[in-house]
Number of protein chains: 2
Amino acid sequence: MINGIQEKNFETIEGGVCAAKGFSANGLNCGLNRDKNKNDLGLVVSDVICHAAAVYTTNKVKGAPLLVMKRHLEANGGMIRGFIANSKNANTCNADGVEKAEKMCELAAKALGLSSTEIVPASTGVIGQVLPIEPIADHINELAAGLSPDNHKKAVNAIMTTDTVMKEVAVEFEVGGKTCRIGGMAKGSGMIHPNMATTLNFITTDAAVSSEMLQKALSAVVKVTYNCLSVDGDTSTNDCVLLMANGLAGNAEIAAEGEDFDRFQSALYYVMRCMTRMLAKDGEGATKLIECECAGAPDLDTAIIVAKSVIRSPLFKCAVFGEDANWGRILCAIGYAEADFEIDKVDVALSSQGGRIEVCRGGAGVDFSEDEAKVVLAADEIRVEIELHQGEASATAWGCDLTYDYVKINGDYRT
Amino acid sequence: MINGIQEKNFETIEGGVCAAKGFSANGLNCGLNRDKNKNDLGLVVSDVICHAAAVYTTNKVKGAPLLVMKRHLEANGGMIRGFIANSKNANTCNADGVEKAEKMCELAAKALGLSSTEIVPASTGVIGQVLPIEPIADHINELAAGLSPDNHKKAVNAIMTTDTVMKEVAVEFEVGGKTCRIGGMAKGSGMIHPNMATTLNFITTDAAVSSEMLQKALSAVVKVTYNCLSVDGDTSTNDCVLLMANGLAGNAEIAAEGEDFDRFQSALYYVMRCMTRMLAKDGEGATKLIECECAGAPDLDTAIIVAKSVIRSPLFKCAVFGEDANWGRILCAIGYAEADFEIDKVDVALSSQGGRIEVCRGGAGVDFSEDEAKVVLAADEIRVEIELHQGEASATAWGCDLTYDYVKINGDYRT
């Protein structure tokens, strides 16, 4: 159990954001991106109206698309049909941002025969450059005409920026004798340090879930998945997670807590944890995934704060890149975590497919073999195990190493 | 005025930590560092007893030397004669850390004919490796015998780690008709994100100042100098600023607020601001100093939080390295600063010896020439000017760009 969620494993299925019944997707290059082989505009639509829940960035600078997404969700009591998303331009810090984001929805709605507030917008890319609407207007009919459950990867491609791999996952589960599906797609590689949300994430399900329970499940799961992810400590202006449920699985609507809700939430947790790991592993320039578990904490928040502090430390991230077991930097980062605990009870171990070494017991170093450490750190997924010995709570945070390529990618991002 | 301190310019003088009357220094290689041309052990002593004040790291992991420094200052009512410091080993997270730090003081005191609590210790280097005491014991007499006002640079050399330049500064000023001096030395290049203190800093003065007023001046100045410095967001375990005043200038002791205190504090501010800039400019791998001023803030704390948030952003630091005027990242970092203000009033400009460009007005982008921006960003000291238009308070924070070399240096620090 973590944050009231039962941790379970699920078999994954194909289909990503279209794995759930009744969802279609498409993506194409409309010209925002000069590389014609890279999609920059995506559309995902449900055959029938959906309950939707969302969480947004806590950055004071909020992308105009997020303001419009929120407005549309409120206008319809959380009922929408789909979303339109573009990459290459964040449509943020522009005087005409809201107007352009509304226009994107209008264009999509018109092509689909819907009302404009049934569509929500999302954008990612450079902040502070005016979004040209013409390329979107010119391609909206082609985009809508190509909607198909088979085109989910085209939509994923449309939201990718510095991502090097597509991030999508889907699972099947049973609710009240009916088979339901949850599928999601995500983008994000840099400017990743979510706080109440993360960089663009879209999740669809055919389970029937009330708006209230959808939001409840999403908020609980976000806290222990996306909000425990940090690539660089920069909380984006355009972060959001949008969850849509169209009910086509035919289960009795989940409208209260109970066994069905627990099962749905477990599946959602599984999907979002998978995507969190994918985002961390594909962090800008990353060569290694770092997974940090803090156990034995007095409460969940302390466990999260400690695990995130380690994941965020640039010095530790560089040491992982260099495969150097410089565990003092882990202790340093635990020590400056803004939480209340005794540092001299802390144990730390490093593990991976290459083995496991204990490096610190009771806040002081223990002898370990540098040769064994080299083998552990040579793996591409490194686990930091922290035991505070001060309670029962635990949490995991995800991040990646800090490499030359992170600097290279971000030294010249706009051009 | 900033934080009650009058900002003034002073002429600098030679002598560093020995510029003030009655201070001698020495440094040598005792063998902690295998490079025989690099000092690793330093000693600074006053001819007469000093009032001393100190601030320490807020990291929960506190280096054993800091615990002993605090204990000795308390034992003598803040009266000490000097300090011994080593590099290459932080003497932190070791079971015998306190014992070894006490031993360092004992050895130095014995060589000088003093009591052990009249000396305070400091260490910097790798965390979690046992400090060998033999090299120090074997060289302590040679170290003490070589004490001289001319050897201040040998002491600076002894505390340097990844520093590429020596950091020392001294000024002269008048108090009650007497000429006084303040001089300081500092080390630090990575793991720099001070919080109530910073990486090793030692400041000496021959002004006569009571312990209470010394601590008052130090705490006020630290808040707007070292605590506004960030190289990588990692708050070190061994940070400290030690300020010693031996009174040999002959002024009437500064024992209360007033004109003399103001003058002393202004000089201390000048010295510590100089060293803060030196530390930022010599940040690990840095090619550029970044100075961020936040003006028009409702209060000092808001100004500091906003300025530090920008200085700390890895994405903005990479953009400065790449000389890319990606101001959206500045807005993003202002937006996630944990302070209360309205984002849509914010103006931002970038300036340097190469000129000045306004990039954002009222939270939205303004057109600027990319050619002019290139010239501004080609300089080696870049200034970010933020105007919140929400009050009268202002503060400056200092940092540096994030480069390939930061990753290189920290990928393999221990070997």
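Visitor: How many helices and strands does chain A have?
Guide: The structure is a predicted model, in which local features need pLDDT of at least 70, side-chain atom pairs count only at pLDDT 80 or more, and totals for chains, interfaces and linings use all residues. Residues are numbered from 1 along each chain as its sequence is written, while chains are lettered from A and ligands numbered from 1 in the order in which they are written. Helices (H or I, at least four residues) and strands (E, at least two) are DSSP runs, numbered from the N terminus. On that basis, chain A has 11 helices and 14 strands.

Visitor: What is the radius of gyration of chain A?
Guide: The radius is taken over C-alpha atoms, and the globule rule is 2.2 Å times the number of residues to the power 0.38. For 415 residues the rule gives 22 Å, and the value for chain A is close to this, so chain A is as compact as a globular protein of that length. The radius of gyration is 21 Å.

Visitor: What share of the residues of chain A counts as buried?
Guide: A residue is buried if 20 or more other C-beta atoms, placed from the backbone, lie within 10 Å of its own. Of the 415 residues of chain A, the buried share is 63%.

Visitor: Which C-alpha of chain A is nearest the axis that relates the two chains?
Guide: With copies superposed by least squares on the C-alpha atoms of residues with pLDDT of at least 70 in both, a rotation of 180° with 0.0 Å of shift along its axis brings chain A onto chain B at an RMSD of 0.0 Å. This is the relation of a two-fold axis. At 2.5 Å from the axis, the nearest C-alpha in chain A is that of A:Tyr404.

Visitor: Which elements of chain A give two or more residues to the side that touches chain B?
Guide: Two residues are in contact if their C-beta atoms, placed from the backbone, lie within 7 Å. By that criterion, 47 residues of chain A are in contact with 48 residues of chain B. The contributing elements of chain A are α8 (314-321), α9 (328-335), β12 (364-365) and α11 (404-411).

Visitor: Which strands stand at the edges of the six-stranded open sheet in chain B?
Guide: Two strands pair if DSSP finds at least two bridges between them. The order is β12-β11-β10-β13-β9-β14, with mixed pairing. Each edge strand has a single partner strand, so one side of each is left without a neighbour in the sheet; these strands of chain B are β12 (364-365) and β14 (393-400).

Terms used
Buried ≥ 20, exposed ≤ 12 C-beta atoms within 10 Å, placed from the backbone.
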